[in-house]
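Colleague: I would like to learn how to read a structure like this one. Could you take me through it step by step?

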Amino acid sequence: MNEQLFLYDTTLRDGAQYKGISFSLQDKLKITQLLDDFGMDYIEGGWPGSNPKDEAYFRHARTMGLRQAKLVAFGATRKPLQDVEQDLQIQSLLAADTPVVALVSKFWQFHVETVLRTDLIENLKMIYDSVAYFKSYGREVVLDAEHFFDGFKDSPDYAFQCIEAAINAGVDNVTLCDTNGGSMPDEIAATVAAVKARFPQLSLGIHCHNDCELAVANSLTSIKAGVRLIQGTVNGYGERCGNANLVSLLGSLLLKPSFNQSLHFNHTVKEKNLTTLSKQVADIANMPLKSDAAYVGNNAFSHKGGIHVAAIAKASQTYEHIDPERVGNQREITISELSGKSNVQLQAQKLGLDVSRNFAQVLDSIKSLEKTGLTLENAPGSFEMLVRKQDEAYQPHFTILNIQINVNDLNKSTRHNAELCTATVKVRVKNKIAHVVEEASGPVDALNLALKKALTVFFPHINDMQLTDYKVSILDPEKASAATTRVWLQSGYQNQRWATIGCSDNIIQASTQALIDSYQLFLIKYNHVAGDNNLNNPQHHFLYSDHEVTHNGNA
Ligand SMILES: CC(=O)SCCNC(=O)CCNC(=O)[C@H](O)C(C)(C)COP(=O)(O)OP(=O)(O)OC[C@H]1O[C@@H](n2cnc3c(N)ncnc32)[C@H](O)[C@@H]1OP(=O)(O)O
Ligand SMILES: CC(=O)C(=O)O
């Protein structure tokens, strides 16, 4: 029988408990829309009894007209020995006015006695009263059975009594929580099977934490044992090590026959949208997306080892468990000292370059350069330039004749910071020379400004290009101030980005290498012959410091 598996997203509640995440109200509403568009069945939006932002969230979210998802407000069972009508937390949960309410409740005796500091019978009453109260208002109630697996290990009998109290009160779903994330897959399977055997009619959910990096595996195991509602978060955000990652879970649930042949999902859920969902939520959360994230990470289908790439070129299934496009991701071939000829050929082919005659030479250069500390895997722009430079027909757009950097007197207190460093750059293009000076507070900035200014003389379009990122790493810190520096930089033009790299025991030289590759690449790709007008004008004006001088082309 093909049964529906319900997707319950708690990114906005448990995901918000992830260290480093702080959603604004607008963030929460935007994510709600994304989750609804994706096709989640439930969206747990927050805890209205916790803070005014979550209260405001429900006021807004319930008017959004969600197409697919049911909005869930999260809270706890009533306080010990308190009437539900008097319990402010219960009242704010009711006021959130959502079709679904989730109640976290204690299922482990140890917690009842140590944390709630009440007796076991009172906890059963708290469960019963709280569930019955929301049922009397016509709400769908999901009971989050906190620490269910630990509680069950301690006393299966008490864990069952808690479920019975919830069933007697009319609960719609009991979600078994591996709250401390310490359970192993075999324990999850056996416990869910025991609950299913005892309460065959009860709708069961699962909520796993990732403290042993098993949240996804444990969730999948629980589905095999009879769970039909799965809680998780986009990208696995959540308290401590996080929750079950719904993105990875869905990759397997939607694509692996052991799940997709026995289950079905809401019709709008499409594996093709997983990469976009993951990236969009990470972007709103302002969290870096893990490059090794299953299915959707940048590395998920990125191939580095030469043997892998050679095989991929013959048949992609040799080293890919699925076609990356099925989840909206893409294949990537990496260039490094571990490359073989296939890496070079495939990557060059992607760039539209022909290396059929010189791939061995290109490969040798890569391996020699990597030995010096240059890493090409994150700098495809420098790989492209390396391939181009190895071509006999290659003509650089410009040649650097000279670079001088001066650090002015740092002690001169009257000097403005922006004048601390001076860079003089002499560039030749065809038979013309530009010789310019620029000042900045740092030597690399002065160098870049001067280089750009010199090139702009010939290629005005270069002004539209920007440096968008600059990173430095020290390769041999034990050499102290004589250490080798690796400079990685990213450049941008409109919505295009490209990365180049340089490496030297001189930071200016390393930066110059990366900058030259970046500007040459821009001119190859985007400028073509622009700027040639200036080359034909023998009386071009050059700026030298504050003074305008006329240059006749003879440097
Ligand atoms: C497993 C989970 O992830 S559950 C969700 C956890 N998430 C959060 O805690 C985030 C939101 N929390 C909050 O904003 C606050 O903690 C609040 C508003 C809920 C409570 O704040 P406070 O009233 O100041 O209490 P505090 O946070 O110090 O302690 C929690 C109280 O809840 C009680 N409690 C814990 N679980 C339950 C439960 N299932 N049912 C009833 N009460 C509970 C605790 O015993 C404690 O009560 P006490 O104050 O009498 O000792
Ligand atoms: C409910 C919940 O977040 C937990 O038990 O982990």
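Colleague: Which residues have the most contacts inside the largest nonpolar core?

Modeller: Before I answer, note that this is a predicted model, where local features need pLDDT of at least 70 and side-chain atom pairs count only at pLDDT 80 or more, while totals for chains, interfaces and linings use all residues. Residues are numbered from 1 along each chain as its sequence is written, and chains are lettered from A and ligands numbered from 1 in the order in which they are written. A nonpolar core is a set of buried Ala, Val, Leu, Ile, Met, Phe, Trp, Tyr and Cys residues joined through C-beta atoms within 7 Å. A residue is buried if 20 or more other C-beta atoms lie within 10 Å of its own, exposed if 12 or fewer, and partly exposed in between, with C-beta atoms placed from the backbone. Here the largest core has 90 residues, and Val-72 and Leu-176 have the most contacts inside it. Helix H5 (residues 120-136) gives this core its largest share, 7 residues. Apart from it lies another core of 50 residues, including Val-344 and Leu-515.

Colleague: What does Val-72 touch?

Modeller: Two residues are in contact if their C-beta atoms, placed from the backbone, lie within 7 Å. Leaving out residues up to four places away in sequence, Val-72 touches several residues, among them Tyr-42, Ile-43, Val-100 and Val-142.

Colleague: How many helices and strands does the protein chain have?

Modeller: Helices (H or I, at least four residues) and strands (E, at least two) are DSSP runs, numbered from the N terminus. The protein chain has 19 helices and 20 strands.

Colleague: What is the radius of gyration of the protein chain?

Modeller: This value is taken over C-alpha atoms, and the globule rule is 2.2 Å times the number of residues to the power 0.38. A compact globule of 555 residues would come out near 24 Å, but the protein chain has 31 Å. Its C-alpha atoms fill a box of roughly 95 × 60 × 50 Å along the principal axes.

Colleague: Which domains does the assignment give?

Modeller: Domain bounds come from an automatic or database domain assignment. For this chain they are domain 1 (3-269), domain 2 (362-394 + 460-530) and domain 3 (396-459 + 543-555). The contact between domain 2 and domain 3 takes 15 residues from domain 2 and 14 residues from domain 3. On the domain 2 side, helix H18 (residues 507-527) provides the largest share, 9 residues.

Colleague: Which residues are around ligand 2?

Modeller: A residue is near a molecule if its C-beta atom, placed from the backbone, lies within 6 Å of it. Around ligand 2 are Asp-14, Val-104, Asp-144, Glu-146, Cys-177, Thr-179, His-207 and His-209. For classes, Ala, Val, Leu, Ile, Met, Phe, Trp, Tyr, Cys and Pro count as nonpolar, Asp, Glu, Lys and Arg as charged, and the others, Gly among them, as polar. The shell around ligand 2 divides into 2 nonpolar, 3 polar and 3 charged residues. Ligand 1 is surrounded by 17 residues, and Val-104 is among the closest.

Colleague: Why does Arg-240 count as partly exposed?

Modeller: Arg-240 counts as partly exposed because it has 13 C-beta neighbours inside 10 Å. Arg-240 lies in the loop between strand S9 (229-232) and helix H10 (246-255), and has a positive phi of about 55° although it is not a glycine.
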